[in-house]
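Please open the structure in your viewer and keep the sequence beside it, so that each selection can be followed in both places.

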Amino acid sequence: MVSRSTFELIEAAWLDFKSQYDEGRSNANAVCEAMAISELDVDIQALESLQRSIAERLLHLRRARNSRSPLESLPGELFVNILLWSIDITNWDIKDIQKLAGVSKYWLHTILSTPYFWPVLDLSLGERLLNIISKRNHSAPIAVWCSPAATIPTEPFMTSMKQISSRWRTLAFCSDYSDSHLASIESPTPILRDLFVEFLRGPAPRPIDLAGGVSLQHVDLSGASLHWNSPRLTRLRSLRISSIWDNLPTISQLLTILSSSPELRRLVLEDLSWPNSSADADCPDPLPTPLTLPLLSTFVLRLISRTYCRYLSTNINAPNCKCAVLEDAPIDSLIIDTPLSSLVNQFLDQYPRVVLTYQEANQTLVVSTSPAPLLNADSWIHWGDDTPGLLLTAFATDLGGWKSLLSLVTAKAQSVYLCLRGPGQGPVEPPLTSFPIDSLLNLPCIKALDFSSAYPAGPLLRRMGSPSPNREGNLAWPLPHLHTLKLDSYDSYDAMLADLVAFAETRYAPPTGDTDTSGSIPPPDELDSLTTPLDVPDIPAVLRDMLLSVNDPQVVDPIW
């Protein structure tokens with residue numbers, strides 16, 4: 001039921017409007033034209049006043065309604081906690097606070113008087129908002145975000161933040177640095193839990209000497225290092241160390257940190273340059289029992305010492321890993337039961353489609369799940385949202401290890417995309433060893449073959465034109481289930497045509513009694529997709545029909 005005061009306001013406004021309408025409805029335009037400007041202004045002001053009265057009444061009613069919300073009858077502390085749960089603290093934005101404060105006077109008073117709603121001092125907000133936040137949050141833990149901004153230099157900002165370092169809960173510093181910045185970062189921080197530091201340019205950095213305090217939870221360092229024996233490096237939940245070339249942690253120090261962090265969820269070591277001698281000298285004996293990190297979801301080792309990669313990948317057990325990137329992986333350890341072999345097996349069990357890439361320029365082989373893993377590189381580790389998958393890179397010279405890995409792929413993968421990348425157009429040094437590409441042709445699970453970067457396709461196309469002994473010694477067609485063939489470059493159109501003709505005539509042409517050497521071998525599958533270089537003419541229709549199982553070739557990859 002509408003309240004009496006609201007009803008009276010509506011009734012008065014309606015009667016006034018109806019009276020004026022009835023008087024002027026016979027000739028409304030004439031009435032307006034006959035009125036003086038001053039009279040029109042009076043009417044306009046009256047209507048505007050009416051609009052304001054209605055708007056004020058609506059605002060009053062909405063606030064009255066919101067003040068009777070069940071939320072506002074809760075105890076104050078519980079109500080504050082509910083509001084805090086509605087805010088994304090890691091991506092704190094003052095606009096979200098303003099929306100909450102506009103609900104009612106009670107909400108506004110609660111937010112203005114509770115320092116926990118003002119948890120971030122971000123240099124990019126500007127001086128006015130920084131002053132407001134400092135006034136509102138005078139006692140609660142604070143997150144300090146410092147990155148280059150146009151209005152305020154980083155050095156005076158960090159100097160001012162030094163005065164409240166005892167309340168720092170998070171420090172995110174990304175900027176050029178000086179001794180003054182380091183002094184600010186090394187201020188007493190007894191409750192600091194998240195340390196994100198990226199040094200861009202500055203003097204030769206020394207290790208950050210953290211003062212005493214609680215254990216850190218999230219550590220992300222780029223171009224910066226710590227004293228790795230610090231007692232605060234325990235109970236970590238995420239650790240990323242990147243782009244440092246001095247004062248790197250030893251394997252023993254890393255093991256101490258990891259073994260004291262059973263809840264670690266993300267471990268990223270990348271772009272770290274150890275002198276080989278120091279890395280080898282520090283390498284301890286293998287652990288009697290692998291170190292198990294049951295919650296580790298992201299495990300990345302790339303562009304680091306081979307000694308470190310080998311030790312960590314074979315001594316850390318991550319049974320619930322979702323995203324793994326391992327460069328220069330010790331695949332020879334796949335021959336035995338190691339944490340690395342368990343890791344590879346668990347990914348191959350989850351991902352039926354695999355990409356296998358041979359890179360001739362650097363003699364490496366890459367195994368990747370489809371879809372491939374992707375690290376969130378645009379944010380600090382604490383905000384990371386990584387795409388799951390496995391990416392494993394190793395040198396092709398490790399033939400024994402690759403034999404074991406290919407056996408795993410063959411046994412588990414339902415379909416494999418094989419990409420052979422050549423040297424491109426530049427000069428290439430002759431490889432130290434020759435990887436037996438023919439061994440890849442014996443994998444029956446390969447359903448797509450991609451020649452790219454000027455890889456010489458002709459010899460392999462001709463090689464696939466006739467059966468040959470497989471790994472078991474039985475006569476079989478190379479790549480019997482090949483459905484997709486892609487050629488992105490060729491020396492000449494004539495050479496490509498000759499190789500494709502030889503490939504088609506020997507692989508797909510109907511056999512004759514005198515020339516059939518395949519015996520009772522099942523014929524290979526026909527192609528569903530053929531892609532030729534864009535800079536050459538289309539192949540003849542007769543050849544296309546011989547190669548493809550349909551007359552209209554599909555230039556769509558059936559795998560992804």
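With the whole protein shown as a cartoon, you are looking at a predicted model in which 17 helices and 20 strands are assigned. Colour the residues by burial next, and you will find that buried residues make up 44% of the 560 residues. If you then switch to a surface view, the protein exposes about 29,000 Å², and carbon and sulfur atoms supply 55% of that area. Contacts can be displayed as well: among those between residues at least 6 apart in sequence, 66% join residues at least 24 apart.

Now select residues 94–101, which form helix α5, together with residues 105–113, which form helix α6. The axes of α5 and α6 come within 8 Å and cross at roughly 140°. Angles over 145 degrees would count as roughly antiparallel, and α5 and α6 are therefore oblique to each other.

Finally, move to residues 493–507, where helix α16 has 15 residues and reaches 21 Å from its first C-alpha to its last, close to the 21 Å expected at 1.5 Å a residue. Which residues of α16 are buried? They are M496, L497, D499, L500, A502, F503, A504 and R507.

Key. Residues are numbered from 1 along each chain as its sequence is written. This is a predicted model: local features need pLDDT of at least 70, side-chain atom pairs count only at pLDDT 80 or more; totals for chains, interfaces and linings use all residues. Side-chain values use heavy atoms; hydrogens and water are left out. Helices (H or I, at least four residues) and strands (E, at least two) are DSSP runs, numbered from the N terminus. Buried means under 20% relative accessible area, exposed over 50%, partly exposed in between (1.4 Å probe, protein chains only). Contact means heavy atoms within 4.5 Å. Accessible areas come from the Shrake-Rupley method with a 1.4 Å probe; for residues, only the protein chains shown count as cover. Axes are lines fitted to C-alpha atoms, for helices over the stretch in contact, and angles run from 0 to 180 degrees between N-to-C directions. Angles under 35 degrees count as roughly parallel, over 145 as roughly antiparallel, 65 to 115 as roughly perpendicular and the rest as oblique. The expected span of a helix is 1.5 Å times one less than its number of residues.
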